[in-house]
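Hi,

Here is the structure I promised to pass on. Have a look at it first, and then read my notes below.

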Amino acid sequence: MTFLVLDLETSGLETDEDSILETAWAITDSAFNIIGTPRSFVVEQDDWQKTWSRIRDNEYVQKMHTDSGLIEDLTDDNFRRYDLDKVYETLRADVLTIRNSHPEYMHLAGLSVHFDKAFMDANEFQGLWGGEDRSSLIHHRMLDLSSFKLLAESAGIDTSDLEVTNLNPHRAMADVIATIGFARNARS
């Protein structure tokens with residue numbers, strides 16, 4: 001079993017109104033050891049005016065992305081940004097590369113990963129996952145570690161000991177690395 005640990009940063013919570021600002025992933029084995037090249041992309045926006053409007057209209061999102069440095073990277077003309085087609089192509093190639101050496105099912109994983117998947121589906125990434133017939137690159141089952149945390153806490157288990165320090169919260173790659181650390185700790 002392998003996992004595609006994924007995180008997105010967005011301009012808000014609405015898949016039909018907001019956009020993906022940043023995406024990152026790492027592919028791991030079943031013990032959450034990274035087996036592929038971790039990737040991170042700041043995303044070029046199709047409609048910058050709409051994106052900035054959505055960010056400005058949400059004080060929480062604006063503060064979060066300002067504090068993390070994402071706004072600075074989005075506004076720096078010298079910072080490289082990628083369109084979602086390039087992100088999709090790279091993700092698909094990474095999944096295929098790992099699948100060649102690890103033919104077992106790959107599962108999407110992350111904290112509240114259903115949120116990230118919904119944004120990816122809204123942006124035409126749905127061709128990566130689906131059924132159990134191996135025609136999809138990623139299995140339809142997901143490992144949502146926030147659900148694991150809720151379940152553990154409902155049983156009176158303190159999950160704070162499983163957390164790892166996130167050096168830059170709300171930046172996609174830092175969140176992926178922290179998620180992998182949490183998953184590794186939870187597994188052991």
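A cut-off to start with: buried means under 20% relative accessible area, exposed means over 50%, and partly exposed is in between. Please keep in mind that this is a predicted model.

With that cut-off, phenylalanine 115 counts as partly exposed, because its relative accessibility is 24%. Phenylalanine 119, at 0%, counts as buried. The two rings make a tilted aromatic pair, 5.0 Å centre to centre with 55° between the planes. They sit four residues apart in helix H5, so about one helical turn separates them.

The whole structure has seven aromatic pairs. Another one is stacked: phenylalanine 3 and phenylalanine 32, at 4.7 Å centre to centre and 15° between the planes. Phenylalanine 3 is in strand E1 and phenylalanine 32 is in the loop between E2 and strand E3 (39-42), so this pair ties together parts 29 residues apart in sequence. Both are buried, phenylalanine 3 at 7% and phenylalanine 32 at 5%. Ring pairs also link Trp25, Phe41 and Tyr82 into a cluster.

Now for the core. The largest nonpolar core has 24 residues, and Leu4, Leu91, Val95, Phe125 and Ile138 have the most contacts inside it. Helix H4 (84-101) is among the elements that supply at least two residues, and H4 gives the most, with five. A second, separate core has 13 residues, including Phe182. Lysine 149 lies over the face of that phenylalanine 182, 5.4 Å from the ring centre.

Leaving aside neighbours within four places in sequence, alanine 109 contacts Phe3, Leu4, Val5, Leu6 and Leu143.

Cheers

Definitions and conventions:
Residues numbered from 1 in each chain as written. Predicted model: local features only at pLDDT ≥ 70, side-chain atom pairs only at ≥ 80, totals over all residues. Heavy atoms only, no water. Contact = heavy atoms within 4.5 Å. Core = buried A, V, L, I, M, F, W, Y, C linked by side-chain atoms within 4.5 Å. Buried < 20%, exposed > 50% of the residue type's maximum accessible area, 1.4 Å probe, protein only. Phe/Tyr/Trp six-rings, centres within 6.5 Å; stacked < 30°, edge-to-face > 60°. Lys NZ or Arg CZ within 6 Å of the ring centre and 35° of its normal.
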